[in-house]
Amino acid sequence: ARRIFAGFEAKRKTTLRVNRLKAEPMQILKALADAGISAQRVPWSGDALILDHADEGAVAALPMFESGEIYMQSLSSMIPPLVLGAQPEENILDMAAAPGGKTTQIAALTQGQAHLTACEMSIPRAEKLEANLGRQGAKNVPVMRIDARELDEFFRFDRILLDAPCTGTG
């Protein structure tokens, strides 16, 4: 229990994902170095970077963040899209898509060639999702403001991602 509590209290390093729809990892590593930020690559993902001594505010101020070349995302949230294994031309549903990190990662992993549908019930969260899709260059991704469980049987998907948020209601 002490180790678990210590883990919660420890300051986590800032992590980000290179958006391959707009940039390449080496290009981002150089731009980060030019900005005085050192980063380490993650062995299990060519797109994941761990920043040594930069906080989220410093990253958000970088032009590459605003242009969508990078996306601040925890390493753990980068795993589901990798496991999903989406392929170009497949029909993919992201059932609880906001704020869009996993959705845009799927778009990048499929070179923008998957037919993605993103569902988000919350209107403010859906608006944030739409903004992130635009910034990241994930084109032609319809955002449906509906509970994905209520989609008409007309819809068919090759793969479905559900990384459901915890509501805290038990």
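In what order do the four strands of the open sheet stand, and is the pairing parallel or antiparallel? The order is 7-6-5-8, and the pairing is parallel. Strands here are DSSP runs (E, at least two residues), helices are DSSP runs (H or I, at least four), both numbered from the N terminus, and two strands pair if DSSP finds at least two bridges between them. Strand 7 (143-144) and strand 8 (159-161) are the edges; each has a single partner strand, so one side of each lacks a neighbour in the sheet. Strand 5 (residues 91-94) and strand 6 (residues 115-119) pair in the parallel sense over four bridges, and I92 stands opposite L116 in strand 6.

This is a predicted model, in which local features need pLDDT of at least 70 and side-chain atom pairs count only at pLDDT 80 or more, while totals for chains, interfaces and linings use all residues. Residues are numbered from 1 along each chain as its sequence is written, and side-chain values use heavy atoms, with hydrogens and water left out.

The protein chain has seven helices and eight strands. Its C-alpha trace spans about 50 × 40 × 30 Å along the principal axes. The radius of gyration, taken over C-alpha atoms, is set against a globule rule of 2.2 Å times the number of residues to the power 0.38. For 170 residues a compact globule would have a value near 15 Å, and the 17 Å of the protein chain agrees with this. Buried residues make up 42% of the 170 residues; buried means under 20% relative accessible area, exposed over 50%, and partly exposed in between (1.4 Å probe, protein chains only).

The structure holds ten salt bridges, each a side-chain nitrogen of Lys or Arg within 4 Å of a carboxyl oxygen of Asp or Glu. One of them joins D47 and R20 (2.3 Å, N to O). D47 lies in strand 3 (residues 45-51) and R20 in the loop between strand 1 (15-18) and helix 2 (25-34), so the pair ties together parts that are 27 residues apart in sequence. D47 is buried at 13% relative accessible area, whereas R20 is partly exposed at 35%. Both belong to a network of salt bridges that links R20, E24 and D47.

A salt bridge also forms between E90 and R159 (2.6 Å, N to O). E90 is in the loop between helix 5 and strand 5 and R159 is in strand 8, 69 residues apart. E90 counts as buried at 16% relative accessibility, and R159 as partly exposed at 26%. In the salt bridge of D163 with K102, the closest N and O atoms are 2.9 Å apart. D163 lies in the segment after strand 8 and K102 in helix 6 (residues 101-109), so this pair connects parts 61 residues apart in sequence.

The whole structure has two aromatic pairs. Rings of Phe, Tyr and Trp (its six-membered ring) pair if their centres lie within 6.5 Å; planes under 30 degrees apart count as stacked, over 60 as edge-to-face and the rest as tilted. F154 and F155 are edge-to-face, 5.7 Å centre to centre with 75 degrees between the planes. F155 and F157 are stacked, at 6.2 Å and 0 degrees. These ring pairs link F154, F155 and F157 into a cluster. F154 is exposed at 67% relative accessible area, while F155 is partly exposed at 29%.
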